[in-house]
Amino acid sequence: MQDRAEFIRTTRRWIVKIGSALLTRDGAGLDRAALADWAGQMARLRKQGIEIVLVSSGAVAEGMSRMGWKQKPKALFEKQAAAAIGQMSLIHAYEVNFQEHGYLAAQVLLTHDDLANRRRYLNARNTLRTLVELGTIPVINENDTVAAEEIRLGDNDTLGALVANLVEAELLVILTDQQGLYDKDPRKFTDAQLISSGRANDERFLEFAGGAGTAIGSGGMRTKVLAARRAATSGCATVIASGREANVLERLYAGEDLGSLLLPDQAPLVARKQWIASQLQSRGQLWLDAGAAQAIQRTGGSLLPVGVVKVEGEFGRGEVVSCMSPEGKLLAKGLVNYNSDEAERIKRKPSREIEGILGYIDAPELIHRDNLVLL
Ligand SMILES: Nc1ncnc2c1ncn2[C@@H]1O[C@H](COP(=O)(O)OP(=O)(O)O)[C@@H](O)[C@H]1O
Ligand SMILES: N[C@@H](CCC(=O)OP(=O)(O)O)C(=O)O
C-alpha cells in the first residue's frame, strides 16, 4: 500500500466532519475552545492549498443545551425546534472563528431530497463548487428543521460521504470522540485494538462497528464505516480520527499515522452512476431470477424484463429502483426505463414482446447497464 504521507500529498479537497458528541462535550454545550482550534487548523490547511468543506453536527445538541433540556426530546418537532435554535450558535461560532483567519464561512443546509432529485443535486454541486472556488469555507448540516422523519439522513456521517461524492473530494476526515475504528467498541472493551488502515469495503469492519457511544451521537461507528464505503464509490478515502488529539488535522496532513485510514479499492464510478449509488431511497423493487442476477453481477449486463419475476412499489420512468436477488439481497440500483404498471406487464417476457404488450417500445432493457450500479 502507498505510504500514508505520500497518499495525503495527493489530496487537494477534504471534507471534514465533526460529530455531535465531540463538538458538544457529550451534550454539555458547544466546546467553543475546541471549535476555535479546529477552525484555526482548517484555515491553515486552506492556506496551504487544501480546499475544505466542513460538515458539522451539533445543532440539536446545542439547541437542547441552550434550552436547558437534559435529554434528547422524543418528539420530532421538538428536535427540529432544538436544531433551529442550535444551528444559530453553531454557525455564528464558525463564522467568527473563520473570519479571524481571514476566511468567510458559508452556511449550506441540505435535505435528503436535495441530493435525491437530480436537478437539485446538480444545483447543490454547482453552488458548493462555486463557494470553494470563491475561497470560502462551506459549513454544511442537514436541514433538520424541515426534514421529516422518514426522509431524514439522521446522521452526518452519511451526509459527509454524500458531500464527498458531490464535490469529488479525495479525503473525508471524520472527527469523533474516539481515536478511530477499533475491532470492538472501546467504551465497552478495554482491550479493543485500533485499526490503523484498511480497505473501506472490508466486511469485518462493519462487524467491529457498534452504535453511538452516547445519547447525543447518532449512528456510532457503523455509520462511519458505511460512510467510508460510500465515499469510496467516488474514489474518496476516509480517515476516522479523534478530534481531541492536538492539531489532528494538520498532523494528518503531515502524514502522521493517526486514526483509521480506510482506502477505496475500486475505480471511481462515473458521475451519473455515483448519483444513482447515492440514492438512499428507491421507489420500488425488481426481484430478479438467478439468471438475471448473474447477468448483471458477473457479466455487467443490462437488466431485461425476462429476468424479473416480481415488481414492487410505484415508480415512474427514469426513477431509481432496487434490484433484489432471489434470496432478497440488494444487488444493484438503477434508473428504470418503464413505470411500475408497465414493468408489471412486461416482467418475465422477452424484449421482442414489449411492443405487442404495451403498444410501444422505449428500450429493450428494463434498466440499461449504463444506468445500473452494482452494490
Ligand atoms: N468498533 C468501534 N470503534 C470505535 N468506536 C465505536 C466502535 N463501536 C462503537 N463505537 C462507538 O461510536 C461512538 C462514536 O460515534 P457517535 O457517538 O455517533 O459520535 P459522533 O457524534 O462523533 O458521530 C464512540 O463513542 C464509540 O462508543
Ligand atoms: N444534524 C444533526 C446531526 C445529527 C448527528 O447527531 O450526527 P452525528 O454527528 O453523526 O452524531 C445536528 O446538527 O444536530
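1. UniProt, in an unreviewed entry, places the feature "domain: PUA" at residues 284–367; its positions are in the numbering used here, feature names are shortened, and annotations may be inferred rather than shown by experiment. Over residues 284–367 of this predicted model, the chain is 25% helix and 26% strand, with end C-alpha atoms 13 Å apart. Helices (H or I, at least four residues) and strands (E, at least two) are DSSP runs, numbered from the N terminus.

2. Conventions. Residues are numbered from 1 along each chain as its sequence is written, while chains are lettered from A and ligands numbered from 1 in the order in which they are written. Local features need pLDDT of at least 70 and side-chain atom pairs count only at pLDDT 80 or more, whereas totals for chains, interfaces and linings use all residues.

3. Around ligand 2. The shell holds 17 residues, the closest being G19, S20, S57, A59 and V60; a residue belongs if its C-beta atom, placed from the backbone, lies within 6 Å of the ligand. Two or more residues each come from α4 (59–67), β4 (137–142) and α8 (156–167), and α4 gives the largest share, 3 residues.

4. A look at V132. This residue sits in helix α7 (residues 118–133).
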